[in-house]
Amino acid sequence: MRFRGSNVLITGSNRGIGAEIARSLAGFGLKVWINYRSGEAQAKALLDEILSNGGRGDIIGFDVTSEKDFINGIKHIVSSDGSLSYLVNNAGITNDKLAIRMRVEDFISVIDTNLKSTFIGCREAIKVMSKKRFGAVVNISSIVGETGNAGQTNYSASKGGIIAMTKSFAIESAPRGIRFNSVTPGFITTEMTNSLKDEIKQDFISKIPLRRFGEPKEVAEAVAFLLSDHSSYITGETLRVNGGMLM
Ligand code: NAP
């Protein structure tokens, strides 16, 4: 895939889907900034792997819920590389409970990590990318942002919010040459889904036409496409990567 830009920040990329996005984009020649919250050792190991495969990258630790730290993180990247071409807002958490037992704190913590942070990242990306009148952002939403899910009123609200917010950013930023799209993964094999009980996993699999969970690499390739020159006329779109679970 071809990329006009040169570097990318992927939030929450020390493990899971984010790490695979970093591997994939490094493979396409981009300098990848691996963000982590607590997983510094994983971030360093991933960077070593990327460098030893001939890729370019660096690590940058900050908590995406902190507006100040997120802004400083982007400033650090721009002072190091001169610009930021691409951003993937991937960091996310779950805190599942039936709504009737969910405290406001449980709701807000998920909204803060998943939705507020994505807002901060998108807003700061516009400021930086506008200077070159070029850039692209992909926000990682979820299938449950479209369908809802029992036990996930907080998570589904955050992910549904990302889909709508991405479209608003796309409209506002198109005149500045910046594209915003979201990806809605279905069930993907990572630590986030490893904790699901086997019978629940089997129940989900029976509802997936491709009859399996997706692999992080399959999300990473959709993200790469939406950042690449090959999607230059696509903005405000929501790309489903879910094995046909929702069409
Ligand atoms: P994961 O394996 O649990 O990894 C989550 C990542 O987010 C970790 O790198 C974690 O960093 C980082 N993170 C969490 N809170 C953060 C914070 N406040 N600041 C910075 N980084 C933070 O999750 P995943 O399955 O790869 O999911 C990645 C994204 O895909 C999430 O947005 C998730 O909602 C979405 N998604 C996943 C699935 C799925 O089936 N797995 C499906 C749909 C959507 P630390 O390790 O340092 O804490």
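1. One of its nitrogen atoms is 3.0 Å from a polar backbone atom of Val64. The protein buries 96% of the 890 Å² that the ligand exposes when taken alone. Keep in mind that this is a predicted model.

2. In the side chain of Asp63, an N or O atom lies 2.8 Å from a nitrogen atom of the ligand. At Gly39 the backbone takes part: one of its N or O atoms is 2.9 Å from a ligand oxygen.

3. Now sort the shell by residue type.

4. Next, Ser13. Find this residue in the loop between strand 1 (7-10) and helix 1. Is Ser13 buried or exposed? Its relative accessible area is 0%, so Ser13 counts as buried; the cut-off for buried is under 20%. The Ser13 side chain also makes a polar contact, reaching the backbone oxygen of Ile10 at 2.8 Å.

5. Compare that with Lys127 in helix 4, which covers residues 104-130. Lys127 has a relative accessibility of 46%, so this residue is classed as partly exposed. To count as exposed, a residue needs over 50%. Lys127 and Val110 are 17 residues apart along the chain. Their C-alpha atoms are separated by 26 Å.

6. Arg211 belongs to the loop between helix 8 (198-206) and helix 9 (216-227). Its relative accessible area is 52%, so Arg211 is exposed. The backbone is worth a check here too. Arg211 is not a glycine, yet its phi is positive, near 60°.

7. Arg133 is another residue to check for phi. Here phi is about 50°, again positive in a residue that is not a glycine. Arg133 is located in the loop that links helix 4 with strand 5 (135-140).

Key. Residues are numbered from 1 along each chain as its sequence is written. This is a predicted model: local features need pLDDT of at least 70, side-chain atom pairs count only at pLDDT 80 or more; totals for chains, interfaces and linings use all residues. Side-chain values use heavy atoms; hydrogens and water are left out. A polar contact is a pair of N or O atoms within 3.5 Å; within protein, one must be able to donate a hydrogen and the other to accept it, and residues adjacent in sequence count only if both atoms are side-chain atoms. Accessible areas come from the Shrake-Rupley method with a 1.4 Å probe; for residues, only the protein chains shown count as cover. Helices (H or I, at least four residues) and strands (E, at least two) are DSSP runs, numbered from the N terminus. Buried means under 20% relative accessible area, exposed over 50%, partly exposed in between (1.4 Å probe, protein chains only).
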